[in-house]
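Hi everyone, thanks for coming.

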Amino acid sequence: MSQATALAPAPAPASRPRGGGSEFAPLLRLVKGQGLLDHRPGWYARDIALTLLGFAAVAAGLLLAGPVWWSVLLAVPLALLSARAAFTAHDAGHSQVTADRRTGRAVQLVHANLLLGMSREWWNDKHNRHHAHPNHLDKDPDVAADVLVFAEHQTAGRTGLRGFLTRHQALLFFPLTTLEGLALKLYGVRALLAKDGPYRTRGERRTEGALLLLHFAGYAALLLTALAPAQALVFALVHQMLFGVHLGLAFAPNHKGMERPDEHEDGDSWGHLRRQVLTSRNIRGGALTDWFLGGLNYQVEHHLFPSMPRPHLRLAQPAVRAHCQALGIPYTETGFVDSYRQALGHLHEVGATLREEHAGRPE
């Protein structure tokens, strides 16, 4: 039996009364009254300082150790630090770090473009569309058919390598996440070079391009200065693969297998509260879970209040849970391991038809 916690039965969303705005307004007033939407610049300043010191320590360790193979072990803390930078870039994109737009943009440019080689504007454009229409196959870019598919009809016509990936996507999910760090860089560079990219001004494009070039040049220079070429290549592969897996662990369980608005006739008319709560899954845990998943384990709260600072998400959870319970809206929360079981189970189920078709073909 699933360990997921649903605080109310889950009747078909179409049968629920509408009025999403009025459903969310009391919760918003409560959260505002508790000061949970107030910024925490001191908290973020400490977190950013620790992350930057960590990057500096890894760089110093590589240079001091010289070209020895055990230096590759430093790729492990660097992957963890890269994930910290990604979480900070994510938060800055949601205006969680500061209310000042220029400061928030600078923080995100440093953490996304300079430290990770990932385009800030490309990420914001994609991620904001996800938040506006979570788990909607036609509107959420995170569930568009690509390497993975998230609904049975998306499997139609997938043959060859794509067909193989779809048939075995649950089994291959975590191996595929090893490519996520590289994919984020590739997509960002591709968007930067595209004429119809999300960049609003030529200055934005130049700034992002310069920082991306600085990242790639600095990363290569550090590794090739500290290590022999073969060691540098292995270090980079280990670092990027572990970074991708870490991001996969943080993002995988958040929405996969949850309600899809496109499955319901009135899905596009769901109010903010239902649209965000019904499509999101929280992960239970303590301080270590909060740290490792960057606060994204409070996915329901984050989607309801995207600008809420990360350290406030756990404080908002009791109010959100109680509000959903009072309205009879399912609030889904599960354990760390079970969250992946549910997400991977959904991916396995989606690929079932294609596996059956493939098994029935003559050799």
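Let me start with R310 and D91, which are both buried, meaning under 20% relative accessible area, where over 50% is exposed and in between is partly exposed (1.4 Å probe, protein chains only). Please keep in mind that this is a predicted model, where local features need pLDDT of at least 70, side-chain atom pairs count only at pLDDT 80 or more, and totals for chains, interfaces and linings use all residues. Residues are numbered from 1 along each chain as its sequence is written, and side-chain values use heavy atoms, leaving out hydrogens and water.

Now, how do the side chains of R310 and D91 meet? They form a salt bridge, 2.8 Å from N to O; the term means a side-chain nitrogen of Lys or Arg within 4 Å of a carboxyl oxygen of Asp or Glu. R310 and D91 sit 219 residues apart, linking distant parts of the chain.

The whole structure has eleven salt bridges. Another joins R120 to E121, with closest N and O atoms 2.7 Å apart, and both of these residues are buried. K126 pairs with D142 at 2.5 Å, and here D142 is partly exposed, because its relative accessibility is 28%. There is also a salt-bridge network linking R260, D262 and E263.

Note on methods: Helices (H or I, at least four residues) and strands (E, at least two) are DSSP runs, numbered from the N terminus.
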